[in-house]
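Biologist: Walk me through this model. I want each label checked against its definition.

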Amino acid sequence: MSELRYDGRVAVVTGAGHGLGRQHALELASRGAKVVVNDLGGDRTGAGASAGPAQEVVEEITKNGGEAVANPDNVATPEGAQAIIQTALDTFGKVDIVINNAGILRDRSFKNMSAEEFDSVIAVHLRGSFLVASAAWSTLREQGYGRIVNTSSPAGLFGNFGQANYATAKMGLVGFTKTLAHEGAKYNIKANAIAPVAWTRMTEDLLPADFADKLGVDQVTPLVAFLAHESNADSGEVYTVGGGRIAKIFVAEGPGYGQKETLTVEAVRDNWAAINADSPLTVFKNVGEQMGPLIQQLTS
């Protein structure tokens with residue numbers, strides 16, 4: 001089978017100085033993409049800054065014959081996000097692929113979480129993904145091509161103790177991704193999200209140490225690279241990935257319960273089992289489809 005290549009494509013990978021982002025950048029560069037390696041260079045809480053991590057990845061890419069440029073700007077500010085995309089435009093003349101991977105952790109139980117701890121995580125994961133995608137959006141539309149991969153998390157999809165900030169940001173990225181898919185469809189812009197499970201400096205305290213070798217970042221990047229390839233026709237989807245396993249995550253709705261009479265609290269109580277029924281499930285492509293059963297009930 002033919003090798004998937006990215007010759008002539010320009011990719012921006014945020015948070016690419018370590019872990020998943022680094023692996024994404026190396027893989028795309030090895031397959032012909034020109035890569036902007038963005039990393040603020042702070043620790044996993046977001047503290048500090050250094051141009052070193054991004055530059056080290058660039059040096060590794062160029063040593064292996066690839067093309068890359070480092071960028072140390074902050075995804076969480078409009079100026080920083082614009083500078084990241086401008087680096088691609090100034091250095092390589094365009095941008096085709098945006099991989100939003102930058103992230104920080106400020107884990108704390110909800111009763112002890114401060115507004116600053118909540119806001120700072122939202123700023124990097126959710127706001128940062130918005131800002132970087134927004135900075136690239138006009139270019140992607142004008143050229144009639146783009147691939148965006150956002151990084152969600154199982155913690156966002158299913159919740160996790162001590163991560164109200166992180167989970168909120170990661171679930172927000174699901175709605176963000178699906179909206180970009182709708183708005184980008186006529187411009188051949190595909191947007192998808194991953195919910196990875198991998199051993200990195202972000203997760204080393206959360207995952208069993210004996211899983212480190214089995215949950216390598218190299219088990220996640222192949223999915224990201226495929227979603228970023230021109231041959232990928234899917235958009236608005238979410239995939240969990242890790243340890244050699246990939247599965248699609250669905251936002252689905254059960255059959256529900258409805259009545260023509262105005263609902264009462266007692267009607268909710270008496271039909272609670274039907275309301276909670278989880279079979280058959282329906283996966284809707286958009287809000288219009290999701291409102292279909294309601295419209296049918298109102299007009300029948």
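Biologist: Which residues is V132 in contact with, leaving aside its neighbours within four places in sequence?

Modeller: V132 is in contact with T14, V75, A81, I84, I85, V98 and N100. Contact means heavy atoms within 4.5 Å. The model is predicted: local features need pLDDT of at least 70, side-chain atom pairs count only at pLDDT 80 or more, and totals for chains, interfaces and linings use all residues. Residues are numbered from 1 along each chain as its sequence is written, and side-chain values use heavy atoms, with hydrogens and water left out.

Biologist: What makes a set of residues a nonpolar core?

Modeller: Its members are buried Ala, Val, Leu, Ile, Met, Phe, Trp, Tyr and Cys residues, joined through side-chain atoms within 4.5 Å. Buried means under 20% relative accessible area (1.4 Å probe, protein chains only). The largest such core has 34 residues. V132 is among those with the most contacts inside it, as are V12 and I148. α4 (115-143) is one of the elements that supply at least two residues, and α4 gives the most, with 10. A second, separate core of 31 residues includes L20, A25, V35 and V224.

Biologist: Which residues make the contact?

Modeller: R22, A25, L26 and A29 of α1 meet V57, E60 and I61 of α2. They divide into 5 nonpolar, no polar and 2 charged.

Note on methods:
Helix = DSSP H or I, 4+ residues; strand = E, 2+ residues; numbered from the N terminus. Nonpolar A, V, L, I, M, F, W, Y, C, P; charged D, E, K, R; others polar. Buried < 20%, exposed > 50% of the residue type's maximum accessible area, 1.4 Å probe, protein only.
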